Amino acid sequence: WRHAWVAALVFAFLTQVVTGFFLLAHYSASMHTAWESVFHLQHQVDGGALLRGLHAISAQAFVVLLVVLLMQSVILRAYRAPRELNWLLLIALLPLAITMSATGWLLPMDQKGFWAARVPLNILGATPVVGPWLQQLLLGGSEFSHHTLTRFVALHTTVLPLLIGTILALYLWLSCRH
């Protein structure tokens with residue numbers, strides 16, 4: 001079973017990548033058209049609702065499987081030498097997975113997405129020293145705008161998947177090596 005959790009985690013990630021590619025083909029990253037493009041995909045494209053559902057379910061499954069894998073590592077004491085780097089890679093995946101979820105919530109530009117992104121950004125802005133700078137960087141200014149949406153799309157579709165994919169590949173390589 002310990003190998004099945006890793007395979008399931010990789011499968012959930014690859015499902016997100018494939019479904020995300022097709023979702024991105026129908027998405028319009030604009031403050032005025034984002035909601036309409038998601039609505040069109042959901043209700044007028046054949047299989048669009050299924051595609052979006054698979055993407056959402058696999059994203060939730062990724063977080064759950066990651067937590068299960070972390071718990072398994074603790075139970076089996078796989079955080080000790082020589083596997084401590086494997087443990088650190090799993091720990092690094094957790095905030096990336098949560099950030100991936102938070103950036104994905106905003107993309108439909110509905111009320112749920114707006115507030116799901118606004119609250120963490122306000123918390124980030126309250127962080128001493130670098131918080132206000134990071135908040136302004138992610139917002140693209142002082143308030144939510146088109147720049148915020150395009151930055152979240154860029155993070156959600158390129159930066160975070162590349163980081164997660166790289167960490168997963170390194171984790172798999174180290175696991176096979178050990």
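## Confidence

Among the elements of the chain, helix H3 (residues 48-75) has the highest mean pLDDT, 96. Helix H5 (residues 111-125) has the lowest, 89. The model is predicted. Over the chain, the mean pLDDT is 93. A value of 70 or more is reached by 100% of the residues.

## The largest pocket

The largest pocket holds about 930 Å³ of space. Its lining counts 32 residues. Nearest the centre of the pocket lie Leu23, His55, Gly104, Leu107 and His156. H1, H2, H3, helix H4 (84-106) and H7 each give two or more residues to this lining. H1 supplies the largest share, with eight residues.

## Threonine 19 in helix H1

Threonine 19 sits in helix H1, which spans residues 2-26. Is threonine 19 buried or exposed? Its relative accessibility is 5%, so threonine 19 counts as buried, the limit being under 20%.

Leaving aside residues up to four places away in sequence, threonine 19 touches Leu51, Leu54 and His55. His55 is also one of the residues nearest the centre of the largest pocket.

## Valine 38 in helix H2

Helix H2 contains valine 38. With a relative accessible area of 13%, valine 38 is buried. Valine 38 touches Tyr27, Arg52 and Pro108, again not counting residues up to four places away in sequence.

Sequence distance and spatial distance can be set side by side for valine 38 and leucine 107. In sequence, the two are 69 residues apart. In space, their C-alpha atoms are 8.7 Å apart. Leu107 is among the residues nearest the centre of the largest pocket.

## Aromatic pairs

How many aromatic pairs are there? The count comes to six. One of them joins tryptophan 35 and phenylalanine 39, with ring centres 5.2 Å apart and planes at 20°. Planes under 30 degrees apart count as stacked, so this pair is stacked. Both residues belong to helix H2 (residues 34-44). Tryptophan 35 and phenylalanine 39 are four residues apart, which means a separation of about one helical turn. Tryptophan 35 is partly exposed, at 42% relative accessibility. Phenylalanine 39 is partly exposed as well, with a relative accessible area of 37%.

Phenylalanine 114 and phenylalanine 144 form a tilted pair. Their rings are 4.8 Å apart centre to centre, with 55° between the planes. Phenylalanine 114 lies in helix H5, and phenylalanine 144 in the loop between helix H6 (131-139) and helix H7 (146-177). The pair therefore ties together parts that are 30 residues apart in sequence. Phenylalanine 114 is partly exposed, with a relative accessible area of 23%. Phenylalanine 144 is buried, at 14%. Ring pairs also bring in Trp115: Phe114, Trp115 and Phe144 are linked into a cluster.

How values were computed:
Residues numbered from 1 in each chain as written. Predicted model: local features only at pLDDT ≥ 70, side-chain atom pairs only at ≥ 80, totals over all residues. Heavy atoms only, no water. Buried < 20%, exposed > 50% of the residue type's maximum accessible area, 1.4 Å probe, protein only. Contact = heavy atoms within 4.5 Å. pLDDT = per-residue confidence, 0-100. Phe/Tyr/Trp six-rings, centres within 6.5 Å; stacked < 30°, edge-to-face > 60°. 1 Å grid on protein atoms, 1.4 Å probe; cavity = no way out; pocket = protein on both sides within 12 Å on 5 of 7 lines; lining within 4 Å. Points joined across faces, edges and corners; volume = space filled by probe spheres on them.
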